[in-house]
Each structure stands twice: as C-alpha cells, then as structure tokens.
Amino acid sequence: MKEILQDYSREDLSALIESLGEKKFRAEQIFLGLMQGKKISELPVSPALREKLLERFEDEPVRIYKTFTAADGTKKFLFLLSDGNLIEGVLMKYKYGNTQCVSTQVGCRMGCKFCASTLGGLVRNLTAGEILSEILVVNRMEGGTLKDRAVTNVVLMGSGEPFDNYENVVKFLKNLTAEGGINISARNVSLSTCGLVPQMKSFGNEGIPLNLTVSLHAVTDDERRRTMPVANKYKISEILDACSDYFKKTGRRYIFEYSLISGENADEAHAEALTKLLKGRPCHVNLIRLNEVKERNLSSVSEKEAYRFLGVLEKNGISATLRRSMGSDIGGACGQLRAKHLGDVKHED
Ligand code: SAH
C-alpha cells in the first residue's frame, strides 16, 4: 500500500507541499479538495504535481463500493480499502442531523460474545486518513459540502475497538475537529470503548472533549467476563474511576451502553444493581435490545422487558433512554457490522 495523503493534517500537508518545491497556496487547495472528498486525480493541481503525488500516495484510499438503504432511511456503506479489505459504515438520519457510524479497525480482537465485528479477529488497524475518508466520501456522496455538511455527527461505533488503535484514532479526531477542514465539533462526536482503562485515562489528556461512551453490558465483573473477555483485564470499578477522571478533566458527562440480553443481564434485579453502580454519577445509560447475530446463540429481550428495565432506572433517578435500533433490515444495526461482508473483493472482480 502507498501512503495516505488524508493522514496529513493541514500543517503537515503544507510542509509536504513546500518540500516538493510548490507554493504554499497549493497546499491549501489540496487540503480543501481532500476535505471535499476528492481523489488525488481530481485535485486542481498541475499534471506534474499530480503525478508526483500519485507515485507516493493512494489516489482513493476509501471508495464507496456498495450502498444499502433500509426501510427507515438508514444507509449502510460498504467501503473498499486500497488493499482490498472491506469495512462498513452507517448513516442514520435524525431530525437534528445525520450521524455517521465509522469503523476504526478491519475486524476486532476484543472477542465480545454478542458482536459480529469480532468474528474473524483483527485484520488490521485503519489509519487516521482512512477513518477520516469514510466521512469525507459519504459527505460528498450525500451532497454535503464543508459549509453545509451532510454528516453532522460522528460515532466511533462501527467495527473495531477505537482505543486498541489509539494513536491513529486520536490523530483522526484531531483532523476531524480541526478548523478549516470538515470541522465537526468534538461535542458532536461519540467514541465508544469496551473499557480499555489505560487508554481511557490517557484520552482525558488529549484535549478532545467528546462524548465518551463505555460498553458496560453487565453489573458485576463475573457476569461481564461471560460476554466480554476484556473484563478479565479491567474491573468495572476501574472503568468507573477512569470515567470520573475523564469527567474531571473535560467536564463532559459519560455514557454507558447496555445491550439487553435475555437471561443474562436484563431482569429487574440487574436494573436495581445497575442503579447502585451508577447512582449519583454524571452519566447517561443507553439501553439497546440485543441485535441477534446468527453465529451467536444469544437472544434479545422483548420490547416490554426492555421498557420494564428502563422504568426501573427512571424510577431510581438514573438518566436513561432505550435506543431505537436503526437499519437492522440491512445488517446495519449495532453489532451487526462485519469485516469481510462479501469476502475479498479482489477475488470477485
Ligand atoms: N469496540 C467498541 C465500539 C463498538 S460500538 C465498543 O465495544 O464499545 C458498538 C456498540 O454495540 C457497543 O456498545 C457494543 O458492545 C454493542 N454491540 C455489539 N454487538 C451488539 C449486538 N449484537 N447487539 C447490540 N449491541 C451490540
């Protein structure tokens, strides 16, 4: 694979273009073109410079290979990477704007028992520029510009564990939120982690005040270990401390994801235990009914059971919502994204 030009920040790009003996304003033109989701071969530069860039950099690191549209308007994108790997992304349309769910790795090595993204293990990390390009190409495809964006919110909840690809993800977030580019405010970005405590702590020092979201899914360490191998490494108490630390540093309240799994974590006793864990904390709970994944024999709760669980949290004064599952008919809902959806495209073509 060649290098990825979208990995460069505006400043790095400026230095690069100058080092190639070009005028500074060229760098700005290139930066703007890239942020508009253009390929290198579409940039408004001289043929000689284009050649130079194409020798060293991928023309189109992330290409929209297929689009699926769900009954509720949610779109799932299948992206083709330069090395033939495929990743998925989802665009959900809400009244307040459009939220794109991005992947941070091809596959995942966390091994959560309910999740499809981890079935084939980790294939590789995405670079900062590849993650950013997922958004740039969708914004362009949907008719968005840099002033009037078609993607207004971003959630790092696609395949992969963002904090298992820490450096690239932080670089991506800095470029995503930087002025002059696509410039999506950190307040409109949510990062979901399965709870890698050291990285959660470091992240508080990066100066990116986003919505930190933790996949909890259990109320005791023993129960959490049954579905999330990462629980063998970090205790719930350590995760809660890391959340408090993030709140102290950023002033941002944090969010817990809690997928309701029948016979596992979803009865009223669990709702009471969850209350005990979280009472008094500046946090919010997102409940989701498990999306069933055919390779996993875990089943979801009924809508009624989910509302009963929510009712207990509300009665106890815990801020909580039951999330609508969007795009499940196209395999685009939480936990349904997979690394090798259609196998390796190169063999198909
Ligand atoms: N690795 C990160 C990002 C994944 S985000 C993390 O673990 O947080 C996707 C969210 O969907 C996580 O909360 C994840 O635990 C949850 N999830 C995974 N599979 C699911 C499924 N089958 N049904 C409902 N939620 C699921």
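Predicted model: local features only at pLDDT ≥ 70, side-chain atom pairs only at ≥ 80, totals over all residues.

Visitor: How much space lies in the largest pocket?
Guide: About 630 Å³.

Visitor: Which residues are closest to its centre?
Guide: Tyr 94, Tyr 96, Thr 99, Val 155 and Arg 323, out of 32 residues that line the largest pocket.

Visitor: And which elements give two or more residues to that lining?
Guide: They are strands: strand 3 (86-94), strand 4 (97-101), strand 7 (153-156), strand 8 (189-193), strand 9 (211-215), strand 10 (254-260) and strand 11 (283-289).

Visitor: How do the residues of that lining divide?
Guide: Into 15 nonpolar, twelve polar and five charged residues.

Visitor: Start with the largest cavity. What lines it?
Guide: The lining has 30 residues, and those closest to the centre of the cavity are Phe 114, Cys 115, Met 157, Ser 215 and His 217. Strand 8, strand 10 and strand 11 each supply at least two residues of the lining.

Visitor: What classes of residue does that lining have?
Guide: There are 14 nonpolar, twelve polar and four charged residues in the lining of the largest cavity.

Visitor: And the second largest cavity, which residues line that?
Guide: Leu 5, Gln 6, Tyr 8, Leu 13, Phe 31, Leu 34 and Met 35. By class, six of the lining residues are nonpolar, one is polar and none is charged.

Visitor: Which element has the largest share of that lining?
Guide: Helix 2 (residues 24-35), with three residues.

Visitor: Let me pick a residue from that helix, Ile 30. Buried or exposed?
Guide: Ile 30 has a relative accessible area of 0%. Buried means under 20%, so Ile 30 counts as buried.

Visitor: What does Ile 30 touch?
Guide: Leaving out residues up to four places away in sequence, Ile 30 touches Leu 5, Leu 13, Ile 17, Leu 43, Val 45, Leu 49 and Leu 53.

Visitor: How far apart are Ile 30 and Val 45?
Guide: In sequence, 15 residues. In space, Ile 30 and Val 45 are 7.8 Å apart from C-alpha to C-alpha.

Technical notes. Residues numbered from 1 in each chain as written. Heavy atoms only, no water. 1 Å grid on protein atoms, 1.4 Å probe; cavity = no way out; pocket = protein on both sides within 12 Å on 5 of 7 lines; lining within 4 Å. Points joined across faces, edges and corners; volume = space filled by probe spheres on them. Helix = DSSP H or I, 4+ residues; strand = E, 2+ residues; numbered from the N terminus. Nonpolar A, V, L, I, M, F, W, Y, C, P; charged D, E, K, R; others polar. Buried < 20%, exposed > 50% of the residue type's maximum accessible area, 1.4 Å probe, protein only. Contact = heavy atoms within 4.5 Å.
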